Amino acid sequence: MTRRLFWKILIGFWITFILIIEGVWLSFTLQDLPPREHDMEQARLVAETQLAGTVFALEEGGIAGLDALLADWPAEVRSRFSLWGAGASLPPAENALTREAVAADGSRWTLRYDATPAPRIRPGPFDVPPSLIFLGIIGGLVFSAGLAWYLTWPIIRLRGGFATLAGGDLGVRLAPRMGRRRDEIADLARDFDAMAERLEALVSQRDQLLNDVSHELRSPLARLQVSIGLARQNPERFDAVLHRIEDEARRIDAMVGELLSLARAEAGTPPADDYFDLNSLVLAVIGDARFEAEPARLTIASNLDDGQVEDVVIAGDAELMRRALENILRNAIRHAPAGSTIAVDVAPRPERVVITVADQGKGMAEADLAHMFEAFVRGAGAHQGGFGLGLAIARRAVLSHGGTIEGRNRPGGGLEVRIELPVSPT
C-alpha cells in the first residue's frame, strides 16, 4: 500500500517548519535593535575601568606614561579617549565620562572616555545558529512525521474498510478503530458505519424478500401442477380444474402486481415538478372504499365530507400515493368488525399535513407494531386474503414523498395509521 499522502504531509510540513525558522532568523537579523540596558551598563563599567587606568598612568608617569598606556589599546578603544587641558571648553557628548587629574609634573588635565556601547555585529541571513538548525531538521522531522501519521493512519483504515466492504463483508465497522478521536475523520468513520449498516439491512431485506416471494409463489404453483395432473387423470373434471387454474393464475398475477408496486415505491423520490390535490385524492379513495365496505356494513367517516378542510397540494406521484392510501384503508376494512366505523381525517399544519386512518378492530400486538410495514408481514385476519405487501408499499410510497408513517393501537381499541407529508409551497 502506497503512502503518498503520508509523504506529502511529512515533507510539506517539514519544509514549512524549516522555512518558519529561517524566516524568524531573517526577521531577527534584519531588525535594527537599540542597545539594551544591559549593554549600556556593561559599556559604562568598561569606560570607568579604562578611565581609571588613564588617570593612574597620567598621575604616575605624566604624558609619557599615558601615551605608553594608550599605545597598548586597540585603535577602536583608543578613539574613545580624549585629553583636554584644564579649563578647556569640552563639546557636549552623550554617554561620556570625564575625570580631572594632576600629572606627575603638576599640570592639570581633563580626561574623557566615550561610554557608548559598540554597535552589534549583524549576522548574515544564512548564519543560522547550530541549535536552530538542529531544531529545524530533527524537531521538524519528528513533528511532521507525527502529524502525518496522525492524519493518514485513519484514512488507511478507511481505505481498508472500503476494500473489505467491496469484498462482500457487510459487517465491517470502523468507528471502534478510531479510538478517542473526535474530529471530522472520526465522523467520516461513523458515517461509513451507518452506510455499512444500511447496506447490510438492505441486503438482508432483499434476501428475506426473495425468500418470502419464493415461498408465496411455491404454493399457487404447486396447486397449479396438482390441477394439471388432475385434469390429465380425469378429463371429465376439466372445467372445474380449469376454473381452479384460472384462480391460481389470478392470484399469481395479483402478487406480481403487488411486487411491481413495491419495486416502484422503492425506486426513489417521485418527480418534484408534479403536483396533486391531496383532499380530492383522499375523497376518491374513500369513495371506492365505501363501495368495498358495504358487504360488511362498515361506515367510513371523514372530516373532508363537509368541505371545511382547506385544500392541500402535494408534490409527487399521485397514483403512487393513491395506491398507498388504498392499501391502508383496505387493511382497515379487512380487520374492522362488521357494523363499525373507520375514520379518515386530514389535518393541515404549517408546512405539513397529517392523515389518520383509524378502525375499531382488535389492533395489533405491541411486538408486531414495529414490523407491520415490512413485506409479507401479516397480522390478525390474514386468512381473509392479501399477501402482506400492502402496508410495505404504503410505507415506501410515503417515504419516497419525504413523509413518515407509523401505526399504533388506539386506547379504545383498534389500530390507527398516521401519515405525515410535507406540503408543497405552491
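These questions and answers walk through a predicted model of one protein chain.

Student: How many helices and strands does the protein chain have?
Tutor: Start with the overall make-up. The chain has 426 residues, and buried residues make up 34% of them. Its secondary structure comes to ten helices and ten strands.

Student: How much of the accessible surface belongs to carbon and sulfur atoms?
Tutor: The accessible surface of the protein chain comes to about 25,400 Å². The part that belongs to carbon and sulfur atoms is 58%.

Student: Is valine 142 buried or exposed?
Tutor: Valine 142 is found in helix α4. The cut-off for exposed is over 50% relative accessible area. Valine 142 has 56% relative accessibility, so it counts as exposed.

Student: Which residues does arginine 157 touch, leaving out those up to four places away in sequence?
Tutor: Arginine 157 is also found in helix α4. Its relative accessible area is 36%, so arginine 157 is partly exposed. Arginine 157 and methionine 178 are 21 residues apart in sequence, yet 8.6 Å apart in space from C-alpha to C-alpha. The residues touched are Leu174, Arg177 and Met178.

Student: How far apart in sequence are the parts tied together by arginine 173 and glutamate 197?
Tutor: The two side chains meet in a salt bridge, 3.7 Å from N to O. Arginine 173 lies in the loop between α4 and α5, and glutamate 197 lies in helix α5, so the pair ties together parts whose separation in sequence is 24 residues.

Student: Are arginine 290 and aspartate 305 buried or partly exposed?
Tutor: Aspartate 305 forms a salt bridge with arginine 290, and the closest N and O atoms are 3.0 Å apart. Aspartate 305 lies in the loop between β5 and β6 and arginine 290 in helix α7, so the pair ties together parts 15 residues apart in sequence. The relative accessibility is 46% for aspartate 305 and 32% for arginine 290. Aspartate 305 and arginine 290 both count as partly exposed.

Student: Is glutamate 326 buried or exposed?
Tutor: Glutamate 326 and arginine 322 meet in a salt bridge, 3.2 Å from N to O. Both lie in helix α8, four residues apart, about one turn of the helix. The cut-off for buried is under 20% relative accessible area. Glutamate 326 has 14% relative accessibility, so it counts as buried.

Student: Which strands stand at the edges of the five-stranded open sheet?
Tutor: The strand order is β5-β7-β8-β10-β9, with mixed pairing. Each edge strand has a single partner strand, so one side of each is left without a neighbour in the sheet. The edge strands are β5 and β9.

Student: Which residue in β7 stands opposite alanine 301?
Tutor: β5 and β7 run parallel, and four bridges join them. The residue in β7 opposite alanine 301 is alanine 343.

Student: Which strands does α7 touch as it packs on the sheet?
Tutor: α7 packs on the sheet with its direction at about 165 degrees to that of β5. The strands it touches are β5, β7 and β8.

Student: How many residues of α10 are buried?
Tutor: Helix α10 lies across β9 and β10, running at about 135 degrees to β9. Its buried residues include Leu391, Ile393 and Val398. Of the eleven residues in α10, the number buried is eight.

Student: Which residue with a positive phi follows α10?
Tutor: Look just past the helix. The phi there is near 80 degrees, and the residue is glycine 402.

Conventions
Residues are numbered from 1 along each chain as its sequence is written. This is a predicted model: local features need pLDDT of at least 70, side-chain atom pairs count only at pLDDT 80 or more; totals for chains, interfaces and linings use all residues. Side-chain values use heavy atoms; hydrogens and water are left out. Helices (H or I, at least four residues) and strands (E, at least two) are DSSP runs, numbered from the N terminus. Buried means under 20% relative accessible area, exposed over 50%, partly exposed in between (1.4 Å probe, protein chains only). Accessible areas come from the Shrake-Rupley method with a 1.4 Å probe; for residues, only the protein chains shown count as cover. A salt bridge is a side-chain nitrogen of Lys or Arg within 4 Å of a carboxyl oxygen of Asp or Glu. Two strands pair if DSSP finds at least two bridges between them. Contact means heavy atoms within 4.5 Å. Axes are lines fitted to C-alpha atoms, for helices over the stretch in contact, and angles run from 0 to 180 degrees between N-to-C directions.
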